[in-house]
Amino acid sequence: MRFEKGETVFDLRTSIVPTVEGEKIVLRILAAYVQGFGLSNLGMSEAHQRILAEVAQKPFGMILVTGPTGSGKTTTLYAVLKLLHHPDVNITTIEDPVEYKVIGINQIQVNPQTNLTFAKGLRSIVRQDPDIILVGEIRDEETAEIAVNAALTGHLLLSTFHANDAATAIPRLLDMKVEPFLLASTIEVIIAQRLVRKICITCRYSISSTSKKIGEAFPGAKDFFQEKKITLYAGKGCDACGHTGYQGRAAIFEFIRVTPDLQDLILNNPSTKEIWKLAKAQGSKTVFEDGIEKVRNGTTTLEELVRVAPPVTIES
């Protein structure tokens, strides 16, 4: 469905299922202005933007974005495409569904009724001489195999993948029968992300706190606040935010850049813990750690961060 309010157009993806109490409806709101987002609009730090911009300029390889349904993965990939979108660059996507239509990009809609699957569509795309390919989601072994081979043979491939965090994506792809040497040769960066609600700018106010208070309320966050005096932020609630204290959302990210050391590790079928141990030693931060920075700068609240991405200790 399409809804217009003033000059803003919203597409509503509608899902309806019958329950014993009646029909249950979920609406996903797709606003046209989102397709114009750049990486900074998403809440990505300058350091993460530099990594992604550098990787996106490579002529081949794979960029993977992981996270649960509705965490903004596709929006992040569209922001990357915006960086790369030039008249002399052939960009082709296969999606289910095509969420945002972009002039100058060849977009294909998956259609099970005509047997147009991700795998079959991707096989056709690689014969269309594309420079950049976006695959809406890697769901099965066949799609994973074709995607990796496309990334190996001169294409920059972007895709989403369902995994709880960035480090888990590699063992999951290896479980999908992707050869370790192929994965090590193609994958450039893995991104995990979540969405947190942003504090309403209209009614935002500061709160003085201490490490002790934070530790009592959020034990897992105590180690990230060691100062004696700490300033946090919250929203009082006003007409602008529907008296919730929040307005809009921002993404929090976890980046794992595939370095030569990590390539060597992938060849040995590593576990998630082994991958994260090396990535952390090379400077990677968890989504929680990225979220802490957004708590400190007043983008979101600690309560919201812990709700969406509670701190997780990955043992070495």
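Residues are called buried at under 20% relative accessible area, exposed at over 50% and partly exposed in between, with a 1.4 Å probe and protein chains only. The model is predicted, so that local features need pLDDT of at least 70 and side-chain atom pairs count only at pLDDT 80 or more, whereas totals for chains, interfaces and linings use all residues. Residues are numbered from 1 along each chain as its sequence is written, and side-chain values use heavy atoms, with hydrogens and water left out.

View A. The side chains of D290 and K294 meet with 3.1 Å from N to O. A salt bridge is defined here as a side-chain nitrogen of Lys or Arg within 4 Å of a carboxyl oxygen of Asp or Glu. Both D290 and K294 are buried. They lie four residues apart in helix α10 (residues 287–296), and are therefore separated by about one helical turn. Helices (H or I, at least four residues) and strands (E, at least two) are DSSP runs numbered from the N terminus.

**View B. A salt bridge between R307 and E304 in helix α11.** The closest N and O atoms of R307 and E304 are 2.8 Å apart. The two residues are three positions apart in α11 (residues 302–308), about one turn of the helix.

**View C. A salt bridge between K177 and E141.** The closest N and O atoms of this pair are 4.0 Å apart. K177 belongs to the loop between α5 and α6 (180–186) and E141 to helix α4, so the pair ties together parts that are 36 residues apart in sequence. K177 counts as exposed, at 60% relative accessibility, and E141 as partly exposed, at 42%. The whole structure contains 15 salt bridges; elsewhere, R13, R28 and E99 are linked in a network of such bridges.

**View D. An open sheet of seven strands with mixed pairing.** The strand order is β6-β5-β7-β8-β4-β9-β12. Strands β6 and β12 stand at the edges with a single partner strand each, so one side of each is left without a neighbour in the sheet. From one strand to the next, the twist averages 20 degrees. Two strands count as paired if DSSP finds at least two bridges between them. Strands of a sheet pair through backbone hydrogen bonds, either parallel or antiparallel. The β5 and β6 pair is parallel and has four bridges, and E95 stands opposite Q109 in β6.

**View E. Helices α3 and α4 on the sheet.** Helix α3 packs on the sheet by touching β5, β6, β7 and β8, and its direction makes about 170 degrees with that of β5. Helix α4 lies across β4 (61–66), β7 and β8, running at about 135 degrees to β4. Axes are lines fitted to C-alpha atoms, for helices over the stretch in contact, and angles run from 0 to 180 degrees between N-to-C directions. Contact means heavy atoms within 4.5 Å.

**View F. The buried side of helix α3.** In α3 (residues 118–125), the buried residues are F118, A119, G121, L122 and I125. They cover an arc of only 165 degrees around the axis, which puts them on the same side of α3. The arc is that of the directions from the helix axis to the C-beta atoms. These buried residues pack against β5 (91–95), β6 (106–109), β7 (132–135), α4 (141–152) and β8 (156–161).

View G. I275, W276 and A279 are the buried residues of α9 (residues 272–281). Their arc around the axis is only 95 degrees, which puts them on the same side of α9. They pack against α5 (166–175), β12 (246–257) and α8 (260–266). The face turned away from this buried side carries the exposed residues K277 and A281. G283, which follows α9, has a positive phi near 110 degrees.

View H. S209 is found in β10 (residues 204–209) and is buried, with a relative accessible area of 11%. Not counting residues up to four places away in sequence, S209 touches I214, K228, K229, I230 and L232.

**View I. T8 and A31.** T8 is placed in strand β2 (residues 8–19) and counts as partly exposed, at 30% relative accessibility. T8 and A31 are 23 residues apart in sequence and 7.6 Å apart in space, C-alpha to C-alpha.
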